[in-house]
Amino acid sequence: MESKVDKILESMETTGKGFYSVLGIFGLIVLWGAYAWYTQFTVGMQTTGLNNTVMWGLYIATFMFMIGVSHAGIIISTSIRVGKIEKLKPLARIAEAMTIAGLAMAVLSVVADIGRPDRIFVLFFNLRVTSPLAWDLIILSLYFAFSAFYLLISTKHDLHSLADRFNVRGSLYKFVGGIQNAITPKEDKAYKNMLNTVSAIILPFPLLDSGMVVAFIFSLLGARPAFNVPYIGPYFLLTALVTGIAGIVIVSFILTKVYDWEEIIPDESITELAKYLKVGIPLVLYFIFNQHFTFQYVGKLSTLVVSNMLLLQGPHALLFWEMIIVGFLLPEILLFTPNIKKDRLFLASIMTTLGLWVNCILIVVPALTFPNLPFNWGTYSPTWVEWSIIAGVTALGVLIFTVLTKLVPIVELD
Amino acid sequence: MKENINRRDFIKSVGAGGAFLIVKSMAPIGSVEKVLKVNQVSETQDSGTKWGMVIDVGACIGCRECVYACKAENNIPNAPMPMQWIETFEMDQKDPVTRVFSVPPTNSKTDYTNSPKEGKWYLPAQCVHCEDPPCVKLCPTGATFIGEGGIVEMDYDKCIGCRQCMAACPYNARTFNWGAPEIPAEDINPMVPVRPVGVVEKCTFCIHRVREGRLPACVEACPVGARHFGDLNDPNSSVSKILDKYISTTTLEEMSTHPKLFYISSGNKWLEEG
């Protein structure tokens with residue numbers, strides 16, 4: 001037991017070549033993204049591939065995707081607390097850190113999408129309650145606040161034991177420890193109760209987020225028949241949860257490899273998640289099938305065109321079938337190979353994650369390319385500015401997570 | 001042409017479509033009128049002024065004079081990206097009206113030349129100033145709102161450029177300032193603000209002119225008198241009289257947005273007159 005704690009603490013104390021190269025490479029990507037965003041801000045959004053017909057693209061799709069990444073924390077904590085799956089315990093803190101990084105990336109993706117980020121504070125003074133965007137703002141703020149609060153109070157014991165070990169950071173830990181002691185009860189039982197209560201409050205947030213307010217941004221658009229369908233909520237919730245699961249597999253696999261943590265994060269912990277993916281991926285395919293089957297069978301032009309665009313014609317169709325085969329079918333076959341090891345699960349998760357991200361893009365773009373009145377059909381292909389900003393946002397998420405691993409024991413110590 | 005169909009009934013039965021029938025079948029709940037009005041943003045529009053427009057697609061020759069007058073009046077830039085608040089479509093005569101108004105027929109275009117052509121008709125489209133505008137409901141900051149006389153207006157200082165309203169608009173009536181507009185100083189109309197980069201804009205029914213008792217620029221510019229503007233609540237206004245005389249329709253009625261821009265056809269005028 002002692003050696004396990006030592007190993008985790010060692011990973012926090014030492015900053016090797018690997019850590020600095022991560023900081024360097026991802027820092028450069030963040031800087032590049034910042035430059036792209038500066039270009040977009042000064043020159044205007046004409047630098048993007050967006051236009052008056054397809055007014056949403058990569059940014060909004062990435063927002064949807066990152067909200068899914070942020071559900072990692074809730075999936076794991078719910079599995080442990082409600083499902084009593086003790087195997088997943090070593091992954092809990094990793095997943096909670098992913099929630100923080102995922103939400104940061106989601107918010108930045110939206111900020112990149114709006115034309116006047118300098119006016120973002122107008123939202124706080126003039127919020128119109130009938131707007132789904134206003135609901136998003138409120139729910140996401142609460143989600144972030146509760147997740148950060150949970151991370152703060154749940155690290156009380158760990159940080160307490162760290163305060164004396166570090167010289168420079170010790171005072172920071174003492175300061176945070178002081179806050180933690182002030183807001184949490186002293187007795188162990190009451191403290192556990194508080195942890196349980198806060199995680200119970202966070203529990204319904206995937207439903208409120210992906211399942212409702214994020215979906216409402218799309219499903220409440222009566223003008224877009226392919227969005228304006230009631231199943232969008234459950235569909236978004238499902239894809240977001242699968243994104244979160246695949247995300248935890250990827251992150252915990254990389255951490256295990258980098259720090260040589262085979263005993264700290266046992267293989268069974270990670271491969272346990274294969275069960276979730278095995279069920280999740282076919283359910284995503286089920287939703288996609290039902291959507292296209294309905295659109296094709298009814299043949300109403302406004303939705304049929306969107307369906308055809310994905311199934312049959314154009315650049316979207318190629319991407320769509322790649323997504324179906326590489327993103328969903330192949331990983332599902334991989335998962336069903338006997339005696340699954342975490343390497344294979346890692347590969348399957350990478351493919352699924354890419355597939356789900358493409359899926360977000362393919363949900364947003366084709367439904368917008370087709371105006372109601374006889375305008376020309378819209379086209380959209382992202383520019384370097386959009387790719388750079390998305391890369392920068394993702395790199396910033398990686399940096400936030402990496403720094404968190406150095407500040408907080410990323411696996412619970414006891 | 002004299003029609004016995006009351007205009008309101010016509011709009012109701014055609015416009016509300018299926019929803020209307022379903023609501024009617026649940027009659028005991030309450031009066032149909034009441035149920036239909038539940039999701040209307042403003043009810044005050046039944047009294048006072050309600051500005052509306054009528055476009056006679058039979059008279060329209062597709063000359064785009066309205067487009068140019070609108071651009072000049074409202075400081076709509078050509079650079080860095082050409083923008084316009086009015087779009088005119090060339091439609092095929094053989095296309096049934098219902099098809100034209102509900103889904104895009106592939107044989108229509110906006111980049112036509114040498115109008116009018118035989119076998120074609122022309123559909124000018126712009127913001128229809130809905131009585132129940134989806135854009136107003138969905139705007140997170142209240143930058144777009146129903147202003148005086150029921151005109152859907154924009155407050156350019158409040159717009160954060162999220163483009164939710166553009167996604168919500170069934171008519172594609174809104175344009176976004178993808179770059180900072182470049183207009184020569186001598187061409188700027190001081191009555192209309194030049195929009196900054198990153199905000200959404202749209203037709204205002206030339207509210208600055210209407211306030212002074214003048215007609216919108218597009219109405220004034222139309223060489224064939226295809227456009228009419230006035231108070232829909234005033235039975236003696238030109239628009240009310242026209243709507244009493246002709247069967248009218250609005251675009252995308254199934255969206256239940258209740259447009260205040262109506263289309264009529266008084267027969268193919270330019271073809272008859274040569």
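The structure is a predicted model, in which local features need pLDDT of at least 70 and side-chain atom pairs count only at pLDDT 80 or more, whereas totals for chains, interfaces and linings use all residues. Residues are numbered from 1 along each chain as its sequence is written, and chains are lettered from A and ligands numbered from 1 in the order in which they are written.

The contact between the two chains takes 37 residues from chain A and 44 residues from chain B, two residues being in contact if their C-beta atoms, placed from the backbone, lie within 7 Å. On the side of chain A that touches chain B, at least two residues each are supplied by helix H6 (122-125), helix H7 (132-154) and helix H14 (301-311) of chain A; here helices (H or I, at least four residues) and strands (E, at least two) are DSSP runs, numbered from the N terminus. H7(A) gives the largest share of this side, three residues. By residue class, the side of chain A that touches chain B comprises 21 nonpolar, twelve polar and four charged residues, where Ala, Val, Leu, Ile, Met, Phe, Trp, Tyr, Cys and Pro count as nonpolar, Asp, Glu, Lys and Arg as charged, and the others, Gly among them, as polar.

Within chain A, helix H16 (residues 342-368) packs with helix H3 (residues 58-70) at an angle of about 135 degrees, the axes being 8 Å apart; axes are lines fitted to C-alpha atoms, for helices over the stretch in contact, and angles run from 0 to 180 degrees between N-to-C directions. H3(A) is therefore oblique to H16(A), given that angles under 35 degrees count as roughly parallel, over 145 as roughly antiparallel, 65 to 115 as roughly perpendicular and the rest as oblique. The residues that make this contact include Met64(A) and Phe65(A) of H3(A) and Trp357(A) and Cys360(A) of H16(A), and the contact divides into ten nonpolar, one polar and no charged residues. H14(A) also packs with H16(A), at an angle of about 130 degrees and with the axes 9 Å apart, an arrangement that makes H14(A) oblique to H16(A). Val306(A), Met309(A) and Leu310(A) of H14(A) meet Leu362(A), Pro366(A) and Ala367(A) of H16(A), and the residues of this contact are six nonpolar, no polar and no charged.

Gly355(A) has its place in helix H16 of chain A and counts as buried because it has 25 C-beta neighbours inside 10 Å; a residue is buried if 20 or more other C-beta atoms lie within 10 Å of its own, exposed if 12 or fewer, and partly exposed in between, with C-beta atoms placed from the backbone. Apart from its neighbours within four places in sequence, Gly355(A) is in contact with Met323(A), Val326(A), Gly327(A) and Phe328(A).

Chain B contains eleven helices and ten strands, and 41% of its 274 residues count as buried. An open sheet of four strands in chain B has the order S8-S1-S10-S9 with mixed pairing, two strands being paired if DSSP finds at least two bridges between them. Its edge strands are S8 (227-231) and S9 (248-249) of chain B. Strand S1 (residues 51-56) of chain B runs antiparallel to S8(B) and is joined to S8(B) by five bridges, with Val54(B) opposite His228(B) in S8(B).
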